[in-house]
Amino acid sequence: GPHFVPRSKRVIHIFMNGGLSHVDSFDPKPMLARHDGKPLPTPNLVTERLTGAAFASPFKFTRYGQSGIPISDMFPHLGQHADDLCVVRSMKSEVPNHEPSLMLMNSGDNTLARPSLGSWLTYGLGTENRNLPGFIAMCPGGHPVKGPDNWRSAFLPGIYEGVYVDTAHTKVEQLIQNISNPRLCLVDQRRQLNLLQSLNRRHLDQRGHDPQLEARIQSFEQAYRMQMEATDAFDVDREPESVRERYGKTTQSRQLLMARRLIERGVRFVQVWHGKWQPWDNHDEIEKNHRKLADECSQGIGALIADLKERGLFEDTLIVIGGEFGRTPTVEITNAGKSKLGRDHNSAGFSMVLAGGGVKGGTIYGATDEFGFQAAENPVHVHDLHATILHLMGFDHERLTYRYASRDFRLTDVHGRVIRDIIS
């Protein structure tokens with residue numbers, strides 16, 4: 001059980017991998033428009049590639065709701081729920097490269113293999129449905145950069161590792177490999193599994209504690225149980241047509257509808273990736289590419305929030321939206337000094353959006369500087385975000401530990417503070 005009464009019971013993490021531009025989505029910068037095309041007094045900012053002059057956002061911002069939170073026209077469906085959103089504008093991480101930033105955002109360490117956030121939560125809370133994994137990662141078309149390291153359990157028992165699902169497919173048999181046995185019915189499979197498990201248990205009893213064998217035993221059991229329930233959970237065609245229309249017809253929309261069906265059935269942590277590689281990594285034509293990507297998910301995210309509210313799940317479901325870092329307010333240029341009107345990576349300042357699950361809606365926390373280069377007011381490190389998520393789920397991040405290699409490990413290592421100002 002948790003350390004104290006949780007505000008949230010489950011998490012849906014909508015991962016915009018590649019780096020959503022904060023100055024084009026949730027952090028408008030009028031100063032960029034005033035200085036468009038002009039050199040800026042650039043702070044001591046580390047970028048991956050060369051950047052040039054100020055690049056005004058090509059997107060229009062509108063204030064929504066009673067809170068007046070400005071959201072760009074990329075995400076009009078989120079604007080309808082502005083008073084439920086908490087926009088953290090002062091996020092920061094450590095290096096402007098995908099691999100270490102993905103590791104930091106997912107597992108709290110940018111170099112070493114560590115258990116992911118979803119693994120820590122399922123380790124701490126267990127599962128509400130033994131027929132489904134506690135942690136599922138959905139990514140269409142294959143693994144993202146760093147692959148399974150993004151949802152690995154590392155030194156935690158293997159049962160807490162995220163189960164990967166390729167949502168480019170629509171048939172359940174393709175979504176999850178070997179979800180059904182063409183030769184044996186469930187009764188015969190149960191008898192077969194009982195024999196296998198008894199042999200494995202005997203082996204375990206004779207040889208003492210073996211984490212890998214214990215993980216294998218639990219994986220076999222979970223694989224069998226999934227055959228009974230996964231088919232129903234992932235089959236969005238069982239939803240009324242009106243619900244499917246509400247979410248939209250894109251792959252992202254289908255994933256988000258699956259996420260709602262999964263958390264309804266007791267899955268603790270669902271991660272929704274926007275595709276393999278880095279679709280939001282728009283070093284060129286950011287207006288065209290960001291708008292296309294937003295069109296694929298904006299309607300679905302808005303529908304997800306509305307759907308959770310109607311089903312009484314919003315108040316105890318935490319939604320986290322964002323990427324591994326943001327993008328520069330300056331235009332990226334080639335070695336030849338030319339621009340393709342894109343932006344480079346920016347880990348010194350970016351935005352994350354939270355909703356539901358004990359979050360104070362209709363709020364903006366922190367700020368970047370006047371151009372959007374770096375966090376300037378109430379900086380929030382990724383460790384602080386993790387500490388806050390764990391707090392909302394009922395855990396003191398300093399006490400949720402696991403002893404390995406003669407020391408106690410935790411998600412936030414020796415860092416992290418709970419951002420209490422964003423908790424309702």
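User: Which helices each supply at least two residues of the lining of the second largest pocket?
Analyst: This is a predicted model in which local features need pLDDT of at least 70 and side-chain atom pairs pLDDT 80 or more, while totals for chains, interfaces and linings use all residues. Residues are numbered from 1 along each chain, and side-chain values use heavy atoms, without hydrogens or water. A pocket is an open set of points on a 1 Å grid where a 1.4 Å probe fits, with protein on both sides within 12 Å along at least five of seven lines, and lining residues have an atom within 4 Å of a point. Among DSSP runs (helices H or I, at least four residues; strands E, at least two), the suppliers are H6 (186-207) and H7 (211-234).

User: Which helix gives the most to that lining, and with how many residues?
Analyst: The second largest pocket holds about 350 Å³ of space, and 21 residues line it, with Thr127, Arg130, Ile159, Gln218 and Gln222 closest to its centre. The lining divides into six nonpolar, eight polar and seven charged residues. The largest contribution comes from H7, with six residues.

User: How many residues of helix H11 are buried?
Analyst: H11 spans residues 382-392 and is mostly covered. Its cover includes strands S5 (85-92), S9 (317-322), S12 (350-356) and S16 (380-381), along with helices H3 (98-107) and H4 (117-125). After H11 comes Gly394, with a positive phi near 100 degrees. Taking buried as under 20% relative accessible area (1.4 Å probe, protein chains only), the count is 11 of 11.

User: Why does Cys86 form no disulfide, and how far is its sulfur from the closest cysteine sulfur?
Analyst: The structure holds zero disulfides, a disulfide being a pair of cysteine sulfur atoms within 2.5 Å.

User: Which residue's side chain is joined to that of Asp84 by a polar contact of 2.3 Å?
Analyst: Asp84 lies in the loop between helix H2 (76-79) and S5. Beyond four places in sequence, its contacts (heavy atoms within 4.5 Å) include Phe314, Leu354, Ala355 and Gly356. A polar contact pairs N or O atoms within 3.5 Å, one able to donate a hydrogen and the other to accept it. At 2.3 Å, the side-chain partner of Asp84 is Lys309.

Definitions and conventions
Points joined across faces, edges and corners; volume = space filled by probe spheres on them. Nonpolar A, V, L, I, M, F, W, Y, C, P; charged D, E, K, R; others polar. Buried < 20%, exposed > 50% of the residue type's maximum accessible area, 1.4 Å probe, protein only.
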